[in-house]
Amino acid sequence: MNITFTVNGTPWQVPASRGDELLIDFLHDDLGLTGTKLCCGVGVCRACTVAIAASQGEAEEPAAACSTPLSGLDGAAVTTIEGVSAGPQLLPVQEAFLQHFAFQCGYCTPGFVMASKIFLDGLALAPPPDDLDAAIVSALGDHICRCSGYVRYVAALRDVATAVIAAKTNNP
């Protein structure tokens with residue numbers, strides 16, 4: 001029996017005997033995808049955030065790669081920081097992080113990008129939240145930045161989210 005899932009659109013299959021292996025180890029060791037960062041190792045800091053959809057085409061949810069076993073991925077679609085954009089083009093939120101000087105060391109940034117991408121994807125499909133700032137804090141609140149760039153991350157995401165909401169309002 002095998003565990004089958006995709007990573008950044010590429011299908012993978014691993015023996016069920018590897019089910020206890022953690023996603024972060026698979027990403028780093030098997031695929032050479034090191035953009036997802038290991039920090040606390042217990043899913044608290046959220047530096048290792050990836051996007052996981054239960055199956056191809058479903059809404060993505062944030063997940064801590066350091067505490068997600070491969071056994072929980074059967075049929076799932078995983079997106080890592082390496083898979084968020086095609087080519088050299090940055091996501092609007094990545095551009096906003098740069099414009100706001102949101103990060104210092106950058107270690108936590110892939111996790112913030114992934115959480116922001118998932119938030120913005122959901123925002124594009126759903127009605128705008130009653131309290132945008134509270135929704136942003138909810139999306140990013142569990143992420144730990146040792147350099148304390150929180151205010152800048154939130155401001156950058158607010159700018160992009162406001163643009164997404166405005167675009168939806170102007171093009172219903």
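E60 and K117 pair up through their side chains in a salt bridge, 3.0 Å from N to O; the term covers a side-chain nitrogen of Lys or Arg within 4 Å of a carboxyl oxygen of Asp or Glu. E60 sits in strand 4 (residues 60–64) and K117 in helix 3, so this pair ties together parts 57 residues apart in sequence. Helices (H or I, at least four residues) and strands (E, at least two) are DSSP runs, numbered from the N terminus. K117 is buried, at 15% relative accessible area, where buried means under 20%, exposed over 50%, and partly exposed in between (1.4 Å probe, protein chains only).

Bear in mind that this is a predicted model: local features need pLDDT of at least 70, side-chain atom pairs count only at pLDDT 80 or more, and totals for chains, interfaces and linings use all residues. Residues are numbered from 1 along each chain as its sequence is written, and side-chain values use heavy atoms, with hydrogens and water left out.

The count comes to five salt bridges, including these:

| Salt bridge | Closest N and O atoms |
|---|---|
| R18 and D30 | 2.8 Å |
| D133 and R158 | 2.6 Å |

D133 belongs to helix 4 and R158 to helix 5 (residues 150–170), 25 residues apart. Both ends of this pair are partly exposed: D133 has a relative accessible area of 36%, and R158 has 30%. Salt bridges with shared partners also join R18, E21 and D30 into one network.
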